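Subject: Handover of the structure

Hello,

Here is the structure I said I would pass on.

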Amino acid sequence: MNTGRTYFAIWSVALLVVLAISPLKDFFREWRWYQYEYNSLTSELPQRIKPADIGIKQIWARQLDRVDRCVTCHLGLKEKALSESRQPFRAHPQIHHEYEEFGCTICHEGQGPATTFEESVGRVEYWDKPIFPKDYMEASCGRCHKEPNVPQAPILTMGRKIIEESNCIGCHKLEGFDRQWVPSLDGIGSKVNRNWLVRWLKNPKSYFAKTRMPNFFLSDEEAHLLADFLMTFTSFPSNAHLEPIPEHLGAVSTSARDKLVELGSTRFREARCISCHPINGKGGYVATDLGKVASKVSPQWLYNYLKSPKRLQPGVEMPRYRLKENELVAVAAYIGSEFVDYEMEELPAQTPDPAYYEKGLALYKKYNCSGCHELGGMKKAEEMGPDLTTVGDKKLYEIDFGNVSIEHTLPLYLFAKLKDPRAFLASMKMPKYEFTDEESRAVAVALLGNTRDAIPVELKVFPKPPSTYSPQGEFGKLVDDLACFGCHTMFGRGRLVGTDLTRESSQAQSEWIKTYFKIPYSLRPILTERMPNLFLAESEIQVIVDYMERVFIVDSLAQGIHIVQTKVSEGRNLFFEKYGCQACHQVYLKGGYVGPALDKVGSRLKPGWIIHWLKNPQALNPESIEPNNNMTIAEVEAITAFLMSLK
Amino acid sequence: MRTLIVACLIHSLIACSDNGKDTTVARDSVQVAVESGLHAELPSPTYEQRQGRHVYVKYCAVCHGTEGKGDGFNAFNLDPKPRDFTDVRYMDAVSDARLMETIIQGGRGVNKSVLMPSWGGRLTTSEQTYVTAYVRSLGKLMESH
């Protein structure tokens with residue numbers, strides 16, 4: 001009997017203990033201590049902060065179908081007084097979205113419903129998306145913001161720009177990027193010398209450090225085979241052939257040659273070739289380096305190319321300069337005599353492999369050269385590399401980290417891959433782009449945003465459809481011939497190396513535009529990319545100005561102004577004494593170098609433009625860094641009167 | 001039955017002690033990844049400072065210099081010279097509110113040179129906060145050296 005009772009007592013106690021484990025385990029969870037700690041921390045502060053109710057808290061982001069319990073411990077997210085407090089209580093920095101609406105993990109990643117530190121940051125087994133490191137945070141912006149330029153996410157924007165410029169879509173499937181123009185290889189055999197080509201194929205960046213062409217790490221043998229193969233393509237697109245350099249203009253005597261070179265040198269400078277072309281690394285960034293170009297291309301090709309760039313290289317953004325026949329020869333002669341690579345040694349003569357064509361073709365296909373380049377009508381091998389449209393969802397078990405000792409996470413894998421594409425496996429084909437750490441990280445950020453998240457379409461921001469503007473007629477022909485879109489934007493099409501011309505005639509006076517074409521001086525002293533002198537004929541300038549006056553104009557910006565002396569002096573006072581405009585703008589040959597010089601601005605700009613500009617500069621140019629001073633109408637008119645008096 | 005209970009007890013004890021394993025390793029590696037990053041020169045910059053850097057580079061660096069020493073390329077055109085943000089004595093004396101006020105109202109609003117423009121109309125409130133935080137970090141960075 002007694003034994004039975006004892007047993008019963010022991011059983012009861014044991015059962016009680018077992019039953020107590022579950023609530024006790026719950027009671028000793030780490031979040032509870034964080035909440036007690038938060039309450040004692042905030043009670044000591046001078047500010048009044050509402051104490052937290054003890055218990056699990058969560059945000060249910062309904063639209064995104066996510067539940068995040070991070071706010072169980074991160075209790076002070078909204079409390080400004082805790083902005084320098086220690087984690088997990090620190091206030092959230094000011095961002096552009098309400099976390100109460102979107103939750104936490106949509107941006108930070110990690111495991112939302114988890115209630116312990118380790119599980120919520122996701123650094124546990126079988127959780128593929130641990131919390132993003134700080135530098136990769138902007139990847140999350142890219143999930144919804146699909147437009148190329150996301151102003152609040154500079155790293156993401158930079159990454160997207162690099163992806164576009166590097167023409168990643170030549171090999172990879174990616175959404176939202178346009179194909180870049182890449183030189184066609186048709187006619188390369190009549191253009192370059194083999195010696196140069198072999199070196200170029202071995203390492204393009206040794207010739208031009210900023211070239212977009214990556215390094216494929218070809219062996220000597222591969223480079224020779226590929227060069228021999230490419231040199232067989234001697235005819236240009238649409239069966240264009242090189243015209244001979246006119247003999248009567250070719251240099252006969254030394255003195256005639258010197259004169260020719262001198263003329264070429266003058267035209268070279270007047271045409272401002274270095275606005276786009278760097279010379280040994282110095283100058284513009286739009287086009288290729290000319291520093292050693294004479295050791296690359298033949299003089300005959302150069303002459304033909306200068307005469308009509310698009311005939312040999314369709315689609316190239318090089319303007320056709322209106323140079324006379326003798327001037328073309330002269331510029332070619334100048335380039336031929338000046339930009340020689342004296343250090344380039346001749347490669348030892350080699351008997352080509354008898355099967356060089358087949359082997360070269362195989363290499364050309366292996367490295368997917370036609371992903372970027374055109375050659376002999378060869379078809380592009382579609383998406384040779386991995387599909388990157390959902391790379392942000394890649395599971396860790398799908399990635400081969402090889403022998404590289406990095407932490408096994410997707411951001412770090414992408415970073416390492418971009419830094420050294422063949423680090424994980426030497427036999428991989430991806431070439432090296434020589435990205436810096438900052439660039440690799442930016443590209444990784446842009447790629448990580450490519451996910452399959454179930455995000456409602458109405459929350460996403462898509463890029464604007466590309467502009468369909470295509471000028472026709474005389475003006476259209478000139479725009480094509482002069483490659484205006486290479487630097488200028490018109491109605492949303494073109495690059496922004498120069499200015500946006502969409503409202504040019506509302507901005508500038510036609511007489512000024514005409515003189516500008518003849519002597520294009522630089523409005524901003526600090527710019528390196530300056531408008532070239534295209535040597536246009538009077539009639540061509542007239543066509544351009546006429547078109548601008550009819551099309552590049554917005555009627556609502558037209559406004560006249562009476563220039564009264566009292567207004568002018570009032571405006572001068574405001575300009576110098578109140579708003580300190582001379583900090584950035586030059587007037588009377590004095591002042592800053594940031595904005596355009598305003599000397600003689602009265603003969604350049606239209607008054608209506610100045611008025612609207614001063615009222616709100618960003619309404620006319622959203623990218624302008626000019627401060628918006630919220631001037632009164634009277635002030636705007638006075639400053640406009642002052643500026644218009646500067647003639 | 002007893003064995004079962006004992007097993008339950010042991011299991012729950014193990015489950016309790018399991019939490020917190022490997023935390024230091026994971027946290028350290030995050031830290032390394034972050035510190036080897038873009039802003040390695042700054043001791044762990046905050047979100048505001050990182051955003052502020054981009055604003056600063058776009059708007060301020062032309063005069064105040066990329067390192068905040070008041071030596072931007074436009075500085076030699078200006079008299080008085082732009083403020084040196086690495087001047088610890090000055091930066092310690094000025095409050096965040098005052099910095100922000102100067103950014104918003106410009107030199108003319110705070111009785112300083114008119115050559116400092118007012119950015120209140122150009123920068124959003126968040127951008128103003130960010131750039132203030134970044135300017136502040138420039139001073140602190142030098143202090144720690």
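How do the residues of the lining of the largest cavity divide into nonpolar, polar and charged? Seven are nonpolar, two are polar and five are charged. Please keep in mind throughout that this is a predicted model.

Cavities

The count of cavities of 30 Å³ or more comes to five. The volume of the largest cavity is about 120 Å³. Its lining is made up of 14 residues, and the closest to the centre are Lys129(A), Pro130(A), Phe132(A), Leu410(A) and Pro411(A).

The second largest cavity holds about 70 Å³ of space. Ten residues line this cavity. Lys134(A), Glu138(A) and Ile155(A) are among those nearest its centre, together with Arg50(B) and Gln51(B). Which helix gives the most to this lining? That is helix α3 of chain B, residues 47-59, with four residues. By class, the lining of the second largest cavity has three nonpolar, three polar and four charged residues.

A pair of helices

Two packed helices are described by the angle between their axes and by the distance between the axes. In chain A, one such pair is helix α19 (residues 473-482) and helix α22 (residues 538-551), with axes that come within 9 Å and cross at roughly 110°. Angles of 65 to 115 degrees count as roughly perpendicular, so α19(A) is roughly perpendicular to α22(A). The crossing of the two, α19(A) and α22(A), is left-handed.

Which residues meet there? From α19(A) come Glu474(A), Phe475(A) and Leu478(A), and from α22(A) come Glu540(A), Val543(A), Ile544(A) and Tyr547(A). Sorted by class, the contact of α19(A) with α22(A) has five nonpolar and two charged residues, and no polar ones.

A loop residue

The last item is Met430(A), in the loop that runs between α17 (410-419) and α18 (437-448) of chain A. Leaving out residues up to four places away in sequence, Met430(A) touches His172(A), Lys417(A), Leu418(A), Pro421(A) and Arg422(A). One of these, Lys417(A), is 13 residues from Met430(A) along the chain, and the C-alpha atoms of the two are separated by 9.4 Å.

Regards

Conventions
Residues are numbered from 1 along each chain as its sequence is written. Chains are lettered from A and ligands numbered from 1 in the order in which they are written. This is a predicted model: local features need pLDDT of at least 70, side-chain atom pairs count only at pLDDT 80 or more; totals for chains, interfaces and linings use all residues. Side-chain values use heavy atoms; hydrogens and water are left out. On a 1 Å grid over the protein atoms alone, a cavity is a set of points where a 1.4 Å probe fits but cannot get out, and a pocket is an open set with protein on both sides within 12 Å along at least five of seven lines; lining residues have an atom within 4 Å of a point. Grid points are joined across faces, edges and corners, and a volume is the space filled by probe spheres set on the points. Ala, Val, Leu, Ile, Met, Phe, Trp, Tyr, Cys and Pro count as nonpolar, Asp, Glu, Lys and Arg as charged, and the others, Gly among them, as polar. Axes are lines fitted to C-alpha atoms, for helices over the stretch in contact, and angles run from 0 to 180 degrees between N-to-C directions. Angles under 35 degrees count as roughly parallel, over 145 as roughly antiparallel, 65 to 115 as roughly perpendicular and the rest as oblique. A crossing is left-handed if the near helix is turned anticlockwise from the far one by less than a right angle, and right-handed if clockwise. Contact means heavy atoms within 4.5 Å.
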